[in-house]
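Good morning, and thank you for making time for this item.

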Amino acid sequence: MSWSDVLKYAKGVAANHGVDSAKKVERADDGLPFGARIGGVLAVQSSAFIRANINGSLIAAPVHSDNIIKGISRLRLDIPGKVHRFYLSLDNEGSESGTEGGHESFLQVYTDGNDDFKEILYCTHITRTIPETEEDQAAFTGEAGYGLGQSNYSLSREQLVECGVDPITLAGAIAADEDGIAYFRDIGSSDQDFVAPLQGTETRIDDANGEHGLKQSIYYMPYVRELKGAGGKEYLIITTEIVESRDGDYSKRSIHVDFMVGIPLEHERVSVL
């Protein structure tokens, strides 16, 4: 069964067989990297977060109470291989529509055609914005030829304060004589002023039977910067998300832009229990 059919299939089974459908449907979260499943416990070694934070990262390290996998998604982008996200917090927690929330955190896993690990990012929320005008939407989808996809993207000190970044983290990330943080596009050639964002879909399930979740169209662009010293890289992942359905309800359509920061992890330092 394809991921795009999970929600529709599970809803149909529930309608035909009643609320006990969980006993009749195979788990929709089988066969994933690390053997991940909804309800599984994500274990990540803390050394990468300590090193990143000491060297100026904005990343929020996971805490013991937030390591339960609450949702799993598949991103279908115009790139080879597979991209999965294991969500530790969801955008609809505390917000019925999800447009006022956005406080997500997830492990993003990219594997190649042989299911070998190519990239693992642990990502936490910075902010969410809603592009309300057609001009704003065109900029955040790349349809305007500028905006999302430009060669660099900066977050100002003022923006980060408004996003709730704590003063200690902010002081470590931005020197006193600097106005903000600059990230540089991680795809395309550096001499290209603009590269269109990657386009695709994300289908997320929030329970093992696929009865709850969402499907959305996405415009995805990764930016990156080098941290100080031996801190490694920090990514700024900007994703414009057009929600098409929630729990199979197509009246929930909405658009928002999520800004996430992420740091790369070695697969040997990650496990799911």
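Strand β2 (residues 71-77) and β3 run antiparallel and are joined by five bridges. The model is a predicted one, in which local features need pLDDT of at least 70 and side-chain atom pairs count only at pLDDT 80 or more, while totals for chains, interfaces and linings use all residues. Residues are numbered from 1 along each chain as its sequence is written, and side-chain values use heavy atoms, with hydrogens and water left out.

On terms, strands (E, at least two residues) and helices (H or I, at least four) are DSSP runs, numbered from the N terminus; two strands pair if DSSP finds at least two bridges between them.

Is β3 enclosed or open? Seven of the eight residues of β3 (residues 82-89) are buried, so this strand is largely enclosed by the rest of the structure. Buried here means under 20% relative accessible area, exposed means over 50%, and partly exposed lies in between, with a 1.4 Å probe and protein chains only.

Tyrosine 87 also has a charged neighbour: arginine 204 lies over the face of its ring, 5.3 Å from the ring centre. The criterion is NZ of Lys or CZ of Arg within 6 Å of the ring centre and within 35 degrees of the ring normal.

I turn to the aromatic pairs. Rings of Phe, Tyr and Trp (its six-membered ring) pair if their centres lie within 6.5 Å; planes under 30 degrees apart are stacked, over 60 edge-to-face, and the rest tilted. The count by this rule is six. One of them, phenylalanine 49 with tyrosine 122, is edge-to-face, at 5.2 Å centre to centre and 90° between the planes. Phenylalanine 49 lies in helix α2 (residues 47-54) and tyrosine 122 in strand β5, so the pair ties together parts 73 residues apart in sequence. Both residues are buried.

Tyrosine 153 and phenylalanine 259 have ring centres 5.9 Å apart and planes at 50°, so this pair is tilted. Tyrosine 153 belongs to strand β6 (residues 152-156) and phenylalanine 259 to strand β11, 106 residues apart. Finally, ring pairs link Phe140, Tyr153, Tyr223 and Phe259 into a cluster.
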